[in-house]
Amino acid sequence: MVHDDLKRLRRLYGDFIRDDALYNERSYTLLRTDVNLLYDEIKEAFRRIIVSCKGPEGVDRLRVLEIGAAWGQRLRMFVEFGFLPENLFGVDLLPHFVKVARRLSPSSSSFLVADSQQLPFTNDSFDIVFQCMVFSSLLDRSIRKRIGREMVRVTSPSGKIVWIDDGDPSYIRKHSGEIFYQGVSFEEVAAEIFPDAKITRYPRIILKKNKLKKCLTESSSPYSPYHKLKYAFHSLFRGNRRHEVLVIKPRKDNA
Ligand SMILES: C[S@@+](CC[C@H](N)C(=O)[O-])C[C@H]1O[C@@H](n2cnc3c(N)ncnc32)[C@H](O)[C@@H]1O
């Protein structure tokens, strides 16, 4: 089945990949101040979730899947948390990203080209299945629902789904006049994407774009404690933060 929304996404990301300024391994380097600030926040959110959710055994036994893994930057955080690289799996729609992820990640981790509407894994394969900023790039709600069902299918009965994504549907971004990004409301997540699940809502993270800009003189400005302090100050106000951090426990028949 070829979906218009996926065609749009391939075309758009194709543009980004050709355009060296966006969405390639160089532009997502942590040398960039804005990328670094976001990276720190996302990593801390994962750390908190893992600490509060992990069972009595160590994390070295847990299998993790990231959907829409792009260049694998989020998945590699898990190696630093003590997960074994061979237990880490990532899928992405675009071969270019998968190629980059393989180059940058431990060779025992697995990165596959796949559409997350049909994940190439058997039922109950993973302890943690996560997505970070993937659903906000999918505008078709039926695709969002199908990916949600697949994430549930491959999560083990004791496993959890982690969601980090823009929670504000009024926030839209365009490229060449075309929408390519839209936040997903918590209501849609709870009612449509994971209707049969217990959802724990963590504090929102990541500053709204206009607030983020206030923390940076320009995006390439040197990283300094001053930027961190400004970022932390603006983050004190809940209304300034845009991204939902959710832990989703699907109700599975075999649980
Ligand atoms: C905004 S990027 C986010 C990348 C990464 N997860 C992060 O946190 O920075 C969205 C990614 O989702 C991928 N993607 C979108 N739809 C997908 C699908 N149906 N199956 C697999 N990957 C998909 C895109 O190719 C892209 O790499």
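Is Glu187 buried or exposed? Glu187 counts as exposed, because it has 10 C-beta neighbours inside 10 Å. The cut-offs are these: a residue is buried if 20 or more other C-beta atoms lie within 10 Å of its own, exposed if 12 or fewer, and partly exposed in between, with C-beta atoms placed from the backbone.

## The model

This is a predicted model: local features need pLDDT of at least 70, side-chain atom pairs count only at pLDDT 80 or more, and totals for chains, interfaces and linings use all residues. Residue numbers start from 1 along each chain, as its sequence is written.

The protein chain has 8 helices and 9 strands. Helices (H or I, at least four residues) and strands (E, at least two) are DSSP runs, numbered from the N terminus. Of the 255 residues in the chain, 36% are buried. Two residues are in contact if their C-beta atoms, placed from the backbone, lie within 7 Å. Take the contacts with a separation of 6 or more: 72% of them join residues 24 or more positions apart.

Glu187 sits in helix 6, which covers residues 186–193. Its C-alpha atom is 9.4 Å from that of Gly167, 20 residues away along the chain.

Lys198 belongs to strand 8. Lys198 is exposed, because it has 11 other C-beta atoms within 10 Å.

Helix 2 runs over residues 33–53 and has 21 residues. From first C-alpha to last it reaches 30 Å, close to the 30 Å expected at 1.5 Å a residue. The expected span is 1.5 Å times one less than the number of residues. Its buried residues are Thr33, Asp34, Leu37, Leu38, Ile42, Ala45, Phe46 and Ile49. An α-helix has 3.6 residues a turn, so residues three or four places apart point the same way.

The largest nonpolar core has 55 residues, and Val64, Ala101, Val129 and Val162 touch the most other members. Helix 2 gives this core its largest share, 6 residues. A nonpolar core is a set of buried Ala, Val, Leu, Ile, Met, Phe, Trp, Tyr and Cys residues joined through C-beta atoms within 7 Å. Leaving aside neighbours within four places in sequence, the contacts of Val64 include Phe78, Phe83, Leu88 and Ile128.

## Helix 5 and its partners

Helix 5 has 14 residues, which should span 20 Å at 1.5 Å a residue; its end C-alpha atoms are 20 Å apart, so the two agree. Arg144, Ile147, Gly148, Met151, Val152 and Val154 are its buried residues. They pack against strand 1 (64–67), strand 4, strand 5 (155–166), helix 6 and strand 9 (241–250).

Strand 9 is mostly covered, with 9 of its 10 residues buried.

## Paired strands

Two strands pair if DSSP finds at least two bridges between them. Strand 9 pairs with strand 5 in the antiparallel sense over 6 bridges.

Strand 6 (residues 172–175) and strand 7 (residues 178–182) run antiparallel and are joined by 4 bridges. His175 is bridged to Glu178 in strand 7. This hairpin has 2 residues between its strands, and Ser176 takes a positive phi near 50°.

## Positive phi in loops

Most residues other than glycine have a negative phi. Asp124 is not a glycine, yet its phi is positive, about 60°. Asp124 lies in the loop between strand 3 (110–113) and strand 4 (126–132). Asp124 counts as partly exposed because it has 16 C-beta neighbours inside 10 Å.

Met133 is not a glycine either, and has a positive phi of about 60°. Met133 is in the loop between strand 4 and helix 5 (141–154). With 18 other C-beta atoms within 10 Å, Met133 is partly exposed.

## Around the ligand

Which residues are closest to the ligand? Gly68, Ala70, Leu93, Ser116 and Cys132 are the closest of the 20 residues that surround the ligand. A residue is near a molecule if its C-beta atom, placed from the backbone, lies within 6 Å of it.

Helix 1 (4–18) and strand 2 (88–92) each supply at least two residues of the shell. The shell has 13 nonpolar, 4 polar and 3 charged residues. Here Ala, Val, Leu, Ile, Met, Phe, Trp, Tyr, Cys and Pro count as nonpolar, Asp, Glu, Lys and Arg as charged, and the others, Gly among them, as polar.
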